[in-house]
Amino acid sequence: MSVLSKLKETLACLKAGRVTLPYPAQAQPVPEKFRGRPIFDAAKCTGCGGCANNCPAREILLYDVCQEVRILKYLGRRCTYCGRCADVCPEKAITMSHEFENATDSIRDIQQHLDLFMSTCQRCGRCFKEPSPLEQLKLKGYRMDDLGNERWIYRSKAYLDEEPAVDDVKIELD
Amino acid sequence: MLKNLCQKMFGRSLWVYHANSGGCNGCDIEVLNVLTPYYDVERFGIKLVGSPRHADVMLCQGPAMRPTANALKQAYDAMPAPKLVFAIGSCACGGGVWFDSYNVLGPVEKIVPVNYYFPGCPPRPEAIIYGVAVGLGLVDKKTAPVRFKQLEFPIPRYHPGDLRQQGEFVVYEKAEKGSGWQAICVASFEGVARVLKRAARPATVRLAKSGFFVCGEKLAGLT
C-alpha cells in the first residue's frame, strides 16, 4: 500500500514536469496592474500637496523654504505602494512604475527629493490663500514637516516648539 | 573588496532564520513562496532553519513592537558571529502604516542593526531573491537617491519695496535683464501697480489708451 502511494506520488511529480521559474537567469514579467515604486515627475508637479495629504503612511513630506520654493520629499521607507498618491494627483505627475527590485543597503536610496517652484500672485508677490474656509481647514499643517529628522509633524505649531511632536519611544532592553 | 569578503564569509550555503516580530503574515507568505518549487532557492543553498543559533541571516518581518522587541534582540544575539540582517517589507524597513500606533516602536533597525532593506508591501518573491543577491554582492543595486529642481536660485522676484515714484509714474527699479522671468511693471496714474510676465511682445515704450505706462528692460536707462 505504501509502495503504491509512493508510486502514485512519483507519477504525479513526473506529470507536473518542471515548474521552477527561471527568475535569476531571465527577467520575470510583472502583471499589468502591478504597482511598484512611485516615480515623481518634477516637470509636471505643481506642488499642491495632495499626495502628502492623502498618504496613509505619511511618507511624503512638504516643507516651504520660502514663498516660491517648496520641497517635496518622498521617503519610501514604509510606503505600501497603495497608489493613492497617483490617484489624487491632478497633473498625473506620479506614476506607479513596475520597479520592484529595490533592495538596498541604505534606506535613503529610495528617496526622491523635489524642489518645486511655486508661482505666487503676480500682483502682490505672495502665495494664494485658499478660497473657502473649508479648504483652509484641510491644511493640517504638514507643510512644515521635519525634513532633518524625516518626520511628519502633526501641527505646524509643533515645529516651533523645542520638543518634537512625534517622539521616538524609548524602552529598556536587557 | 567588500564583495570578496562577503562572498568569502558566506561562501557556503546561507541558512536563514525567519523572525516575525508582529507583522501581518504577508511577508511570511512571500518568504515561504520563495522556498516553494516555483522560486526554488534551495538550489542556491538557502535553507530555512528553526533556530537562530544555526543561522547566518535573520529575515526580519514586521515592525519592532513593544512586546516582541526583547525577543528579537535575544534572537539576534543568539546568532553566531558573521551575521546579516535583512529587513523585509515596509514594516521592517520603516515601521509600516501603523507606525504611530501605541505598541509599534518603529523599524527593526531600532532594535537590531539592519544590513539590507527590501521595501515592498509585501515584496515580490523575485524582489527577495534579488535582495539576497545584492546582499551577497552578486549584483549591484539599482536604486539611488534622486533630486530634481524646477528652478535654480536665485529666483528673480518682485518686491513692492522696489517701486519708486519718478515724476508722475511709478517705476519698478530692479527689472533684471536676461532672466527668464522678466518682470515688467505696469504703473497707472492711480498708483495701481501690476507685474506682468513677459510675453512675446517686445518691450518698448507703450502708452496704452487707458493711461497705463509700460516700462521694460529697454527702458532701464530711459526712466
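The model is a predicted one, in which local features need pLDDT of at least 70, side-chain atom pairs count only at pLDDT 80 or more, and totals for chains, interfaces and linings use all residues. Residues are numbered from 1 along each chain as its sequence is written, while chains are lettered from A and ligands numbered from 1 in the order in which they are written.

Let us start with chain A. Its secondary structure comes to four helices and five strands, where helices (H or I, at least four residues) and strands (E, at least two) are DSSP runs numbered from the N terminus. Along the sequence, chain A reads α-β-α-β-β-α-β-β-α. Of its 174 residues, 25% count as buried (20 or more other C-beta atoms within 10 Å of the residue's own, C-beta atoms being placed from the backbone). Among the contacts in chain A with a separation of 6 or more, 61% join residues 24 or more positions apart; a contact means C-beta atoms, placed from the backbone, within 7 Å.

Now for the meeting of the two chains. Chain A brings 40 residues to the contact and chain B brings 53 residues.

| Element | Residues |
|---|---|
| α3(B) | 69-77 |
| α4(B) | 89-94 |
| α5(B) | 125-135 |
| β8(B) | 146-149 |

On that side, α5(B) gives the most, with six residues. Strand pairing (at least two DSSP bridges) also links the chains: β5 of chain A, residues 112-117, runs parallel to β8(B) over four bridges. Within β8(B), Lys149(B) is the bridge partner of Asp115(A).

Definitions and conventions
Two residues are in contact if their C-beta atoms, placed from the backbone, lie within 7 Å. A residue is buried if 20 or more other C-beta atoms lie within 10 Å of its own, exposed if 12 or fewer, and partly exposed in between; C-beta atoms are placed from the backbone.
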